[in-house]
Amino acid sequence: MSQANCLFCKIAAREIEGDIVFESATVVAFRDINPAGPTHILVIPRRHVESAAELTRGDGDELGELFEVVNDLAGKDGLTGGYRIVTNVGDDAGQSVWHLHFHLIGGRSMAWPPG
Ligand code: 5GP
Ligand code: ZN
């Protein structure tokens with residue numbers, strides 16, 4: 001998926017409607033359209049990266065900021081009992097949008113391993 005046709009690039013650019021809960025120059029977060037729990041937020045780098053398979057140590061600052069956002073949002077949504085951070089890589093994992101995103105899911109107890 002090229003950047004020009006990328007759904008999450010378009011949401012980040014506000015070209016497509018999204019329930020954006022945080023944005024900075026580097027990171028954007030918006031609520032999942034099909035939530036898997038009371039809280040389900042997708043946190044993405046503004047930069048188009050297809051998946052975590054492309055990440056290297058050079059992306060450390062960007063990822064550090066992204067995880068600060070994840071954890072701040074978990075606090076704002078009151079996820080005191082814990083939460084899950086998931087990123088799917090590739091077809092076997094069920095990745096359906098080819099722009100790196102971390103699912104922040106919480107507000108209910110969860111089973112492990114996932115399906
Ligand atoms: P993946 O399957 O790639 O790990 O996760 C993609 C996620 O994007 C899914 O949880 C799906 O519900 C969500 N999603 C797909 N299309 C849209 C959309 O147009 N807006 C929002 N907010 N979420 C979407
Ligand atoms: Zn993108």
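I began with serine 51 and listed its contacts, leaving aside neighbours within four places in sequence, and I found Val89, Gln95 and Leu100. I note here that the model is a predicted one. Serine 51 sits in the loop that runs between strand 3 (39-45) and helix 2 (60-76). Is serine 51 buried or exposed? I looked up its relative accessibility, which is 6%, and because the cut-off for buried is under 20%, serine 51 counts as buried. Its side chain also reaches the backbone nitrogen of alanine 53, at 3.0 Å.

As a reminder to myself, strands of a sheet pair through backbone hydrogen bonds, either parallel or antiparallel.

I went through some of the pairs one at a time. Strand 1 and strand 2 form a hairpin with 3 residues between them, and they pair in the antiparallel sense over 3 bridges; in this pair, glutamate 23 has valine 28 of strand 2 as its bridge partner. Strand 2 is joined to strand 3 by 5 bridges, again antiparallel, and phenylalanine 30 is partnered there by leucine 42 in strand 3. Strand 3 and strand 5 (residues 102-106) also pair over 5 bridges in the antiparallel sense, with isoleucine 41 standing opposite leucine 104 in strand 5.

Why is strand 2 described as largely enclosed by the rest of the structure? I found that 4 of its 5 residues are buried, so the description follows from that count.

In the loop between strand 1 and strand 2 I looked up serine 24. Not counting residues up to four places away in sequence, serine 24 touches Arg46 and Glu65. I also compared serine 24 with threonine 80, which is 56 residues away in sequence and 25 Å away in space, C-alpha to C-alpha.

**The zinc site**

Which atoms coordinate the zinc ion (ligand 2)? I found Cys6 (SG), Cys9 (SG), His48 (ND1) and His99 (ND1), at 2.0 to 2.3 Å. The angles among the 4 donor atoms run from 107 to 116°, and the site is tetrahedral. For reference I wrote down that the ideal angle for four tetrahedral donors is 109.5 degrees. The spacing of the donor residues in sequence is C-x2-C-x38-H-x50-H. Cysteine 6, in the segment before helix 1 (7-12), and histidine 99, in the loop between strand 4 and strand 5, link distant parts of the chain, 93 residues apart. I checked both of these residues for accessibility, and cysteine 6 and histidine 99 are buried.

**Two backbone details**

Arginine 14, in the loop between helix 1 and strand 1, has a phi near 60°, a positive value in a residue other than glycine. Its relative accessible area is 53%, and because exposed means over 50%, arginine 14 is exposed. Last, I looked at proline 113 in the segment after strand 5, where the peptide bond from tryptophan 112 to proline 113 is cis, with omega near 5°.

Terms used. Residues numbered from 1 in each chain as written. Chains lettered and ligands numbered in written order. Predicted model: local features only at pLDDT ≥ 70, side-chain atom pairs only at ≥ 80, totals over all residues. Heavy atoms only, no water. Buried < 20%, exposed > 50% of the residue type's maximum accessible area, 1.4 Å probe, protein only. Polar contact = N/O pair within 3.5 Å; in protein donor to acceptor, adjacent residues only side chain to side chain. Contact = heavy atoms within 4.5 Å. Pairing = 2+ DSSP bridges. Donors = N, O, S within 2.8 Å, 3.2 Å for Na, K, Ca; no water. Tetrahedral: all angles 85-135°; square planar, octahedral: opposite > 155°, others 65-115°.
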